[in-house]
Amino acid sequence: MAAMCVSPVMPGQKLPINVDNDLTPIASIAGVYNMLVFGKHVPFRTVPELIEHAKKNPGKLSYASAGNGTSQHLAAELFKKMAGVNLLHVPYRGGAPAIQDMIAGNCDMMFGNMPEFLGQIGGGGLIPIAFGSPHVSPLFPNLPLISQYLPGFEVVNWFAVFGSKSLPADLIGLWNKALRAAVAKPDVQKRFVENGMDTVTGSPEELKATIFGDRKKWADVIQAAGIRAD
């Protein structure tokens, strides 16, 4: 998602290829569940409480990210925009130091991919609050969706397979069919769930539509927040 939808519209970002002209969309494979987590020092446990506190204390609550322009940063800026709140961005050089600083109580919250949080959630260092993805993970079936409180909030960091430029249509169809069959297998589905991922399949045309829609959404967030690549 980042390479196809964020990098092409990120000011200051230079790509070695033109992703639209040099790649051929074949098939979506998986999406990673987006999750909002709090440090255990944060005194509340719900999205409405977060919004209420942030509105009463603008700029006081902080959110961590793996750096400017990362998916964590963009998800939080989308939340800020939709909730009408002011949160302090604290960018780190990577997700690991961001998570460690949250555990230490130096930063309050983080939006990110569920797999990077699982170990610390299990150990009690981070508190899962809600999913930013379209639906919940079987690993946390009782956790709410952010969209229950902010209708339309949706963050999916997806993965897909692309071919080379001018890939023949028959090969696109062959690979799409084979990939969709592979990810539908029960053992693959099981591994996806265990690793905080969800199956996302479809036609090449549907993948193109996803790229177009996500690129516009993140371009609007980037422009509104004045984000530039490091």
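Two strands are said to pair if DSSP finds at least two bridges between them. In this predicted model, three bridges join S1 to S8, and these strands run antiparallel. One of the positions involved is glycine 31, whose bridge partner in S8 is aspartate 198.

This pairing belongs to an open sheet of three strands, ordered S7-S1-S8, in which the pairing is antiparallel. Strand S7 (157-164) and strand S8 (197-199) are the edge strands, each pairing on one side only. From one strand to the next, the twist averages 40 degrees. Helix H8 (residues 186-194) packs on this sheet, where it touches S1 and S8, and its direction makes about 145 degrees with that of S8.

A second open sheet is built from five strands in the order S4-S3-S5-S2-S6, with mixed pairing. Strand S4 (88-91) and strand S6 (126-131) each have a single partner strand, so one side of each is left without a neighbour in the sheet. Direction ignored, neighbouring strands here are turned by 30 degrees against each other on average. Within this sheet, strand S2 (residues 34-39) and strand S5 (residues 109-113) run antiparallel and are joined by five bridges. Leucine 36 stands opposite phenylalanine 111 in S5.

Helix H6 (residues 114-122) lies across S2, S5 and S6, and runs at about 125 degrees to S5.

Two further helices meet each other. The axes of helix H4 (residues 71-83) and H9 come within 10 Å and cross at roughly 75 degrees. Angles of 65 to 115 degrees count as roughly perpendicular, and H4 and H9 are therefore roughly perpendicular to each other. On the H4 side the contact is made by Leu74, Ala75, Glu77, Leu78 and Lys81, and on the H9 side by Trp218, Asp220, Val221, Ile222 and Ala225. By class, this contact has seven nonpolar, no polar and three charged residues.

Helix H9 also takes part in the largest pocket, to whose lining it gives the largest share, five residues. Strand S1 (23-32) and helix H9 (204-225) each supply at least two residues of that lining. The pocket holds about 330 Å³ of space. Its lining consists of 20 residues, of which Glu154, Val156, Trp158, Val200 and Thr210 lie nearest the centre. By class, the lining residues divide into seven nonpolar, eight polar and five charged.

Note on methods: Residues are numbered from 1 along each chain as its sequence is written. This is a predicted model: local features need pLDDT of at least 70, side-chain atom pairs count only at pLDDT 80 or more; totals for chains, interfaces and linings use all residues. Side-chain values use heavy atoms; hydrogens and water are left out. On a 1 Å grid over the protein atoms alone, a cavity is a set of points where a 1.4 Å probe fits but cannot get out, and a pocket is an open set with protein on both sides within 12 Å along at least five of seven lines; lining residues have an atom within 4 Å of a point. Grid points are joined across faces, edges and corners, and a volume is the space filled by probe spheres set on the points. Helices (H or I, at least four residues) and strands (E, at least two) are DSSP runs, numbered from the N terminus. Ala, Val, Leu, Ile, Met, Phe, Trp, Tyr, Cys and Pro count as nonpolar, Asp, Glu, Lys and Arg as charged, and the others, Gly among them, as polar. Axes are lines fitted to C-alpha atoms, for helices over the stretch in contact, and angles run from 0 to 180 degrees between N-to-C directions. Contact means heavy atoms within 4.5 Å. Angles under 35 degrees count as roughly parallel, over 145 as roughly antiparallel, 65 to 115 as roughly perpendicular and the rest as oblique.
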